[in-house]
Structure formats: C-alpha cells, structure tokens
Amino acid sequence: MIVKTSEEVQNQIIHLIKDFIKKDVNPIATIYEKDNIYPHELIPTMQELGLFGITIPEKYGGMGLDFTTFAKIFEEISKGWMSLSGIIGTHHILSHIISTYGTDEQKNRVLPKMATGEIRGGLALTESEAGSDSQNITTTAIKDGEEYIINGRKMYITNGEHGNAFALVAKTDTDISPRHKGISCFIFEKPSDGFKVGQHLDKLGYRGLDTCELVFDNCRIPADSLIGGVEGKGFGQVMNGLETGRINVAARAVGVAQAALDSALSYSQRRETFGKPIAQHQAIQLKLADMATKVHAARLMVYDAADKKDSGLRNDLEASMAKLFASEICGEVTMEAMRVHGGAGYIKDLPIERYYRDAPLMIIGEGTNEIMKLIIARRLLEKNKLQE
Ligand SMILES: Cc1cc2nc3c(=O)[nH]c(=O)nc-3n(C[C@H](O)[C@H](O)[C@H](O)COP(=O)(O)OP(=O)(O)OC[C@H]3O[C@@H](n4cnc5c(N)ncnc54)[C@H](O)[C@@H]3O)c2cc1C
C-alpha cells in the first residue's frame with residue numbers, strides 16, 4: 001500500500017514539470033531528436049526536480065510519490081519529448097525492484113544515489129534470442145566464491161551508454177525446470193572488468209536516447225549484487241518491475257497522443273480550405289472528436305492501473321490493458337493528427353511526424369501488445385474459472 005500523494009503536491013509537481021518542458025525541452029526536442037543528440041544539459045534540472053527519485057521512498061532520499069503522480073509526470077514529459085522519459089523509465093524499474101526485493105544493505109547503498117540521479121539505472125533483460133520469450137535468456141551468472149561470473153549479451157538496452165547501474169537478469173541455473181526458477185536478478189554497476197557497451201542501435205523514433213548492446217565476457221561482480229540475496233527469484237522480481245514499466249509506457253502513450261491532438265486542434269483552426277478553417281469541415285470535426293475520446297479513455301485506464309498499484313493490489317490485468325489500449329490509440333491518434341495537418345504533418349519542421357515515429361515504441365516496448373493480450377486473457381480466464 002502506497003501513501004497517496006495529496007492533490008496539492010501533485011499539482012505543484014506537474015506545474016514544475018510543465019514549466020521545465022516549456023522552457024528547456026520544447027526548444028530543443030525536434031533538433032536533438034533529428035540529429036540523435038543526447039540531452040546531457042537537461043540532466044541537472046531533472047535531478048533538481050527530483051525526477052530520478054519519483055517513487056523511491058523518502059527515507060532513501062526519494063520523493064515517495066504514488067503511481068498516479070508517477071503516471072502524470074511521464075505523461076507531461078512525453079508531451080514535450082518522449083525520449084526524455086526514457087532516461088527515467090527503466091531507472092524506475094531498477095529502483096522499484098530494489099525497493100521491493102532488495103536487502104537492507106542494497107537499499108541503503110543504491111537507492112539514495114538513484115534518488116539523486118548520481119546512479120542512473122536501466123533494465124538489462126532482453127537478448128537477441130529472448131525478447132517476448134524472456135525465459136530463453138542465455139546470459140549466465142556462475143557463483144565463484146564471493147563473486148558471480150557473468151557471460152552473455154544483452155540487446156536493446158535503454159540507457160546502455162549513459163546509465164551506470166542495471167537490473168541484470170541472468171541464469172544461475174540453466175538446467176532447472178520450469179526455466180524461470182533458474183533466473184536471478186543482479187544490480188550490475190559500471191565500470192567493471194569484462195564488461196563493455198557494444199553496438200549503439202539506430203532507431204525509427206525514441207532518438208537522442210542511447211539504446212545499446214551490453215557485452216559481458218567473464219565479468220566478475222560481487223556476490224552481494226544478487227537482489228534479495230536468494231537465487232532463482234529474478235523472474236518474478238523483473239515481472240513486478242515491468243508492471244510499473246507498463247504504467248509508465250502507457251502514460252507516455254497518453255502524453256504523445258495528447259500532444260498530437262493538441263497540435264491538430266490548433267492547426268485545424270488556423271488552416272483554411274474552401275474559404276473556412278478546416279476545423280469547420282465536419283470530416284475534420286469527426287477526427288477531432290474520435291481522437292479526444294480515445295485519449296480521454298486511455299488516460300482514465302492509465303490512472304486506474306496506477307491507482308490499483310498504489311492500493312497494493314495485483315494490477316497486471318489493469319496495467320496490461322492500459323498499456324495495450326493507450327499505445328494502440330497513440331498509434332491511431334498520431335496518424336490522424338498527421339492527416340489533419342495534410343502535407344505539413346509529413347515534414348520535419350513540425351513535431352507531428354516525430355509523434356508518429358515515436359508511437360510504435362509504446363506498442364513494442366515493455367512487452368509487445370500481443371503479449372499484453374496473452375496476459376489479459378490468462379488473467380481473465382483465471383478470474384473466471386468455471387466452478388465444477
Ligand atoms: C527502442 C527499444 C528500447 C528497448 N529497451 C529495452 C530495455 O531497456 N531493456 C530491455 O531489457 N529490453 C528493451 N527493449 C526490448 C523490448 O522489450 C523487446 O524488443 C520486446 O519485448 C519484444 O521482443 P523481441 O524484440 O525479441 O520480439 P519477439 O519476441 O521476437 O517478437 C516478434 C513478434 O512476435 C510476437 N510474439 C512473440 N511471441 C508471441 C506469442 N507467444 N504469441 C503471439 N505473438 C508473439 C511479438 O508480439 C512480435 O510481434 C527495447 C526495445 C526497443 C525497440
């Protein structure tokens with residue numbers, strides 16, 4: 001159970017974020033995204049705003065905010081530039097896993113530095129042959145005295161270059177069945193002998209942010225990096241972390257969709273065809289109405305999933321539904337907003353084409369939407385099992 005953040009505090013925080021986006025992010029987002037530039041100069045302000053400690057408990061120096069406020073923060077940042085939310089997205093998966101499952105030593109050692117942003121985190125789960133089928137990972141962690149020896153390659157890792165700590169998911173037992181019982185999660189901190197950042201991946205959207213391959217070649221890490229100190233618990237720890245990740249990705253989708261809708265509302269009142277603003281053509285009005293209704297519904301679903309997480313109840317159903325719905329409507333709304341802009345929407349001078357290119361990441365990331373549907377169906381069937 002998480003203490004609900006008061007409306008007053010929530011409003012103050014959102015006001016500060018809006019101000020930051022307006023003054024510091026909007027002027028650079030389009031250029032940095034186009035040229036794939038990492039926004040180093042925004043990090044100090046993000047640290048001052050406490051964005052690296054949103055949900056980290058206050059006793060470890062974080063803001064201890066609830067997941068509803070967390071979702072609203074991700075939404076606001078993504079209205080400005082979705083890539084920026086990636087800097088703190090998987091950071092919060094790592095901090096959530098440590099807060100929830102870490103030993104006291106791990107919490108005291110890592111969380112205060114994560115809260116300030118001195119440690120910037122990420123999630124190292126996916127491999128080339130293990131994305132949706134995450135139990136298929138082949139990275140191993142073999143215990144050797146007071147150390148684990150890590151071997152393997154992680155792929156598509158956000159913050160791979162600029163992050164300095166990762167929730168590293170590896171097999172401590174490759175023979176055990178079911179496979180998830182052999183999976184453990186570690187706090188991996190850079191630099192470390194036997195570790196290097198591999199390829200930097202060039203992307204359709206989500207640009208300006210580092211997405212990399214991480215290479216472990218007989219990399220030795222201290223045995224006390226094992227989260228919670230017990231082997232074989234990693235899969236459940238990471239799945240719980242990903243539930244928070246799904247709230248953040250769904251909230252990003254709402255933010256990007258809202259930004260596209262706002263642009264369409266504004267442009268359609270300025271652009272004239274056949275002697276009147278296009279907003280007065282019924283065909284455009286129908287688009288605006290559909291877009292606004294979808295964004296509103298998605299937002300309510302995200303807040304509902306966040307609220308469930310705050311209440312301490314299991315929220316995999318709501319988080320998966322919110323992630324599925326919000327990301328799908330984000331794809332639709334960004335496309336519709338581009339249509340409202342006509343040719344201008346296709347040109348890089350306006351952010352509309354960026355919203356359109358950013359939208360698919362929310363469909364794919366933090367578990368694809370096909371996988372979301374499998375989780376939803378499984379939960380529904382579990383909850384509605386026929387009584388014999
Ligand atoms: C920009 C970016 C950033 C990322 N950041 C991170 C990160 O920080 N950390 C990290 O660990 N990972 C990260 N990822 C990885 C991401 O989570 C995976 O790409 C995603 O989970 C899909 O895995 P995959 O790419 O292996 O696709 P696959 O699993 O190969 O899926 C291919 C297709 O098959 C479908 N499919 C697969 N299995 C089934 C099934 N059982 N039933 C129906 N359909 C199925 C999928 O939905 C998809 O359509 C990132 C990816 C991208 C693109």
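Helix axes here are lines fitted to C-alpha atoms over the stretch in contact, and angles run from 0 to 180 degrees between N-to-C directions. Helices (H or I, at least four residues) and strands (E, at least two) are DSSP runs, numbered from the N terminus. Two residues are in contact if their C-beta atoms, placed from the backbone, lie within 7 Å. Residue numbers start from 1 along each chain as its sequence is written. The model is a predicted one, where local features need pLDDT of at least 70 and side-chain atom pairs count only at pLDDT 80 or more, while totals for chains, interfaces and linings use all residues.

Helix α3 (residues 67-80) packs with helix α7 (residues 282-310) at an angle of about 145°, and their axes are 7 Å apart. On the α3 side the contact involves Phe67, Thr68, Phe70 and Ala71, and on the α7 side Val302, Tyr303, Ala306, Asp307, Lys309 and Asp310. By class, this contact holds 6 nonpolar, 1 polar and 3 charged residues. (Ala, Val, Leu, Ile, Met, Phe, Trp, Tyr, Cys and Pro count as nonpolar, Asp, Glu, Lys and Arg as charged, and the others, Gly among them, as polar.)

Now step back to the domains. An automatic or database domain assignment supplies the bounds, giving domain 1 (7-120), domain 2 (122-233) and domain 3 (236-383). The C-alpha centres of domain 2 and domain 3 are 30 Å apart, and 10 residues of domain 2 are in contact with 11 residues of domain 3. The side of domain 2 that touches domain 3 has 7 nonpolar, 2 polar and 1 charged residues.

The ligand comes next. It is surrounded by 22 residues, with Leu125, Gly131, Ser132, Thr368 and Glu370 the closest; a residue is near a molecule if its C-beta atom, placed from the backbone, lies within 6 Å of it. Two or more residues of this shell come from each of β1 (121-124), β3 (147-158), α9 and α10 (369-383). The shell has 10 nonpolar, 10 polar and 2 charged residues. Because domain 2 and domain 3 both give residues to the shell, the ligand lies between them.

A residue is buried if 20 or more other C-beta atoms lie within 10 Å of its own, exposed if 12 or fewer, and partly exposed in between, with C-beta atoms placed from the backbone. The buried residues of α9 are Ile352, Arg354, Tyr355, Tyr356, Asp358, Ala359, Leu361 and Met362, and they pack against α1 (7-35), α4 (82-101), α6 and α8 (316-340). After α9 comes Glu366, with a positive phi near 55°.

What about the backbone elsewhere? Most residues other than glycine have a negative phi, and most peptide bonds are trans. Asn159, in the loop between β3 and β4, has a positive phi near 70°; it counts as buried because 25 C-beta neighbours lie inside 10 Å. Tyr206, in the loop between β6 and β7 (211-222), has a positive phi of about 55°. A cis peptide bond joins Ser177 and Pro178, with omega about -5°, and Pro178 lies in the loop between β4 (165-171) and β5 (183-189). The bond from Lys190 to Pro191 is also cis, with omega near -10°, and Pro191 sits in the loop between β5 and β6 (195-200).
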